Amino acid sequence: QVQLQESGPGLVKPSQTLSLTCTVSGGSITTNYYYWSWIRQSPGKGLEWIGYIDYGGSTYYSPSLKSRTSISRDRSKNRFTLQLSSVTPEDTAMYYCAREAPWVTLDWGQGTQVTVSS
């Protein structure tokens, strides 16, 4: 059974870079043909997909966040990382990592709350 666990600071100041890590157990992030995604949910809003890194290391980002987003991976530690730069209070949300296949989300992390505030 694949499990995902998010980690990172719960409070980030405006204009700084948010950095979160998702550690995966029970499966490899290089296994064909999975996508390893970041998704968030702001208070009172629906889920917003941020982007993914796939089994081969290719990345794809939401157009609305692309200019501020970077997703990378560490194969030796079986984990992947989200960096979101120049954050504002609008980036306050619950952040989730997930394992996806085409058209389906297979597994979710429990989520981590990130608040952007000075």
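This report covers the core, strand pairing, disulfide and salt bridges of a predicted model.

## Basis of the model

The model is predicted: local features need pLDDT of at least 70, side-chain atom pairs count only at pLDDT 80 or more, and totals for chains, interfaces and linings use all residues. Residues are numbered from 1 along each chain as its sequence is written, and side-chain values use heavy atoms, with hydrogens and water left out.

## Nonpolar core

The largest nonpolar core holds 24 residues. Such a core is a set of buried Ala, Val, Leu, Ile, Met, Phe, Trp, Tyr and Cys residues joined through side-chain atoms within 4.5 Å. Buried means under 20% relative accessible area, exposed means over 50%, and partly exposed lies in between (1.4 Å probe, protein chains only). Leu18, Trp38, Phe80 and Tyr95 touch the most other members.

Six strands are listed as giving two or more residues to this core: E3 (18-25), E4 (35-41), E5 (47-54), E8 (79-84), E9 (93-101) and E11 (112-116). Strand E3 gives the most, with four residues. Strands (E, at least two residues) and helices (H or I, at least four) are DSSP runs, numbered from the N terminus.

## Pairing around E3

E3 pairs with strand E1 (residues 3-7) and with E8. Two strands pair if DSSP finds at least two bridges between them. E1 and E3 run antiparallel and are joined by five bridges. Here Leu4 stands opposite Val24 of E3.

E3 and E8 are also antiparallel, with six bridges. Leu20 has Leu82 in E8 as its bridge partner.

## Disulfide

A search of the whole structure turns up one disulfide. The cut-off is a pair of cysteine sulfur atoms within 2.5 Å. A disulfide is a covalent bond between the sulfur atoms of two cysteines. In this model Cys22 and Cys97 form the link, with their sulfur atoms 2.1 Å apart. The link of Cys22 and Cys97 is right-handed, with 65° about the S-S bond.

Cys22 sits in strand E3 and Cys97 in strand E9, so the pair ties together parts that are 75 residues apart in sequence. Both Cys22 and Cys97 are buried.

## Salt bridges

The structure holds four salt bridges. Each is a side-chain nitrogen of Lys or Arg within 4 Å of a carboxyl oxygen of Asp or Glu. Asp91 forms one with Arg40, and the closest N and O atoms are 2.8 Å apart. Asp91 lies in the loop between E8 and E9 and Arg40 in strand E4, so this pair ties together parts that are 51 residues apart in sequence. Asp91 counts as buried at 2% relative accessibility. Arg40 counts as buried at 5%.

Asp91 also forms a salt bridge with Arg68, the closest N and O atoms being 3.0 Å apart. This pair links distant parts of the chain, 23 residues apart: Arg68 is in the loop between strand E6 (59-61) and strand E7 (69-74). Arg68 is partly exposed, with a relative accessible area of 21%. A network of salt bridges links Arg40, Glu48, Arg68 and Asp91. Asp107 forms a salt bridge with Arg99, where the closest N and O atoms are 2.7 Å apart. Both Asp107 and Arg99 are buried.
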